[in-house]
Amino acid sequence: MTKPRVGLWLVGAKGGVASTAVVGLCALRRGQAGDFGLVSHLPEFRSLGLADWDAFVVGGHEIRPARLFDEAMRLVSVSHAMDERWVTESREELDAIDARVRPGTAINVGPTIRQFAGPDVPTEETPREAVARLQRDLAEFAAANRLDHTVVVNVASTEPPVDPAAVPPTWDALDRSLDDRHSPLPASSLYAIAALDLGLSYINFTPSLGSAPEAIDELARLRRTRHMGCDGKTGETLLKSVLAPMFRQRNLRVMSWVGHNIFGNMDGVVLSDPANKKAKMASKDHLLREILGYRPQTLVSIEYIESLGDWKTAWDHIHFKGFLGTPMTMQFIWQGCDSLLAAPLVLDLARFTELAWRRGETGRMTFLASFFKSPYGVAQQDFARQFQMLEAWAGS
């Protein structure tokens, strides 16, 4: 049996997460990376017949005029997040991927992101024209590399939130709105439409709107393809989804939960804009009330501290009541390299999604809920129970 060739198309292809994912993919192909951080390498998934790492061909869209090798080296020289040899030994492949990256779209991404757009990014397109151009890039990528399927993963910067009521509720209505230059659809949703309309798979790893609207889910089902999101769960929120069930199951009443987050990468720059930050804050803050069943006082802060580079630090203070109503406190500090926490999940998602394609599954891939802060179509926020959904899918 011929093994499929799989495209991995990264939106935000030269950012920290994308460049780390590519460097990691190259190291995995050389057999040098080990399997730390890779969910798809766990024993319960080894018999699934997931795509080998050498089956993937990488391309992408990017609005910034940057070189992938240079961006990867920033993680070495600025953030000290990985050994230089991981990047230098991957240089040939990084340069080859650079040649496959095309200008993205900056429609409705907000002024903070738009300021990074290079001169090759069109500024006068309608949403429909942008979708058509993105689709040409995807089709040419598939043809040039003889791909059987492509998984599009959005790892671009967080866009300002969009009022769901402003998005047409059906695909027919949304399709008609693409000719309107005043359409509220952001770039993340245009990438989703471009991919799903071609029958490709789409993953929204960001808090941006992406494929969340019902009309875009309808498109996915009409084209018999699949999608999932949103906002990769990698650090502080991952710990919340593990710890909050403990408080609920021990009947310890959480009175307040405060989380301060500081980091200095490109995401930090973008999230310094209150409009962009709003989408991220909503994604990080909602799960506590959904797990606990009540609404404690919460505060989430995200601040840009340039000197930290890609090292994200979170300090959480949990104030709760124990037996006889005695107030108690739990605190924790989480520090991790933002891109290195996210990148293996991107690779895992590509493998699981490719298998869902081979299985002929369509619509929202709810079995991937454990990867996301705000999983589409899933109310369950307990990480252990979300992971059981993935295990159940693997065993089906």
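Arg224 is exposed, with a relative accessibility of 57% (exposed means over 50% relative accessible area, buried under 20%, and partly exposed in between, with a 1.4 Å probe and protein chains only). Arg224 lies in the loop between helix H9 (214-222) and S6, and its phi is near 55 degrees, a positive value in a residue other than glycine. Helices (H or I, at least four residues) and strands (E, at least two) are DSSP runs, numbered from the N terminus.

His80 is also a residue other than glycine with a positive phi, near 50 degrees. The loop between helix H2 (68-77) and helix H3 (84-88) holds His80, which is exposed at a relative accessible area of 59%.

## Basis of the values

The model is predicted: local features need pLDDT of at least 70, side-chain atom pairs count only at pLDDT 80 or more, and totals for chains, interfaces and linings use all residues. Residues are numbered from 1 along each chain as its sequence is written, and side-chain values use heavy atoms, with hydrogens and water left out.

## The seven-stranded sheet

An open sheet of seven strands has the order S3-S2-S1-S4-S5-S6-S11, with parallel pairing (two strands pair if DSSP finds at least two bridges between them). Strand S3 (101-103) and strand S11 (363-364) are the edge strands, each pairing on one side only. Strands of a sheet pair through backbone hydrogen bonds, either parallel or antiparallel.

S1 is joined to S2 by six bridges in the parallel sense, and Leu10 has Gly60 in S2 as its bridge partner. The β-α-β crossover that takes the chain from S1 through H1 to S2 is right-handed: with the strands pointing away from the viewer, the path from the first strand over the helix to the second runs clockwise. S1 is also joined to S4, by six bridges and in parallel; here Gly7 stands opposite Thr150. On its other pairing, strand S2 (residues 56-62) runs parallel to S3 and is joined to it by three bridges, with Gly60 opposite Val101.

Six of the six residues of S1 are buried, so the strand is largely enclosed by the rest of the structure. Val6, Leu8 and Leu10 on one side and Gly7, Trp9 and Val11 on the other are all buried, which leaves both faces of S1 covered.

Helix H1 (residues 16-29) lies across strand S1 (6-11) and S2, at about 170 degrees to S2. Axes are lines fitted to C-alpha atoms, for helices over the stretch in contact, and angles run from 0 to 180 degrees between N-to-C directions. Helix H14 (residues 338-359) packs on this sheet too, touching S1, S2, strand S4 (149-154), strand S5 (201-204) and strand S6 (226-229), and its direction makes about 140 degrees with that of S4. Contact means heavy atoms within 4.5 Å.

## The four-stranded sheet

Four strands form an open sheet in the order S8-S7-S9-S10, with mixed pairing. Its edge strands are strand S8 (297-304) and strand S10 (327-337), each pairing on one side only. On average, neighbouring strands of this sheet are turned by 10 degrees against each other, direction ignored. Strand S7 (residues 253-263) runs parallel to S8 and is joined to it by eight bridges; Ser256 has Gln297 in S8 as its bridge partner.

Helix H10 (residues 236-249) lies across S7, S8, strand S9 (311-321) and S10, at about 170 degrees to S7. H14 packs on this sheet as well, touching S9 and S10, with its direction at about 80 degrees to that of S10. The loop between S6 and H10 contains Cys230, which is joined to Gly229 by a cis peptide bond with omega of about -5 degrees.

Ser40 sits in the loop between H1 and S2 and is buried, at a relative accessible area of 3%. Its contacts beyond the neighbours within four places in sequence are Phe45, Leu50, Trp53, Asp348, Arg351 and Phe352. Ser40 and Ala350 are 310 residues apart in sequence but 10.0 Å apart in space, C-alpha to C-alpha.

The whole structure has eleven aromatic pairs (rings of Phe, Tyr and Trp, its six-membered ring, with centres within 6.5 Å; planes under 30 degrees apart are stacked, over 60 edge-to-face, the rest tilted). Trp53 and Phe56 form a tilted pair, because their ring centres are 6.1 Å apart and their planes are at 35 degrees. Trp53 is buried at 9% relative accessibility, as is Phe56 at 3%. Ring pairs also link Phe45, Phe352, Phe367, Phe371, Phe383, Phe387 and Trp393 into a cluster.
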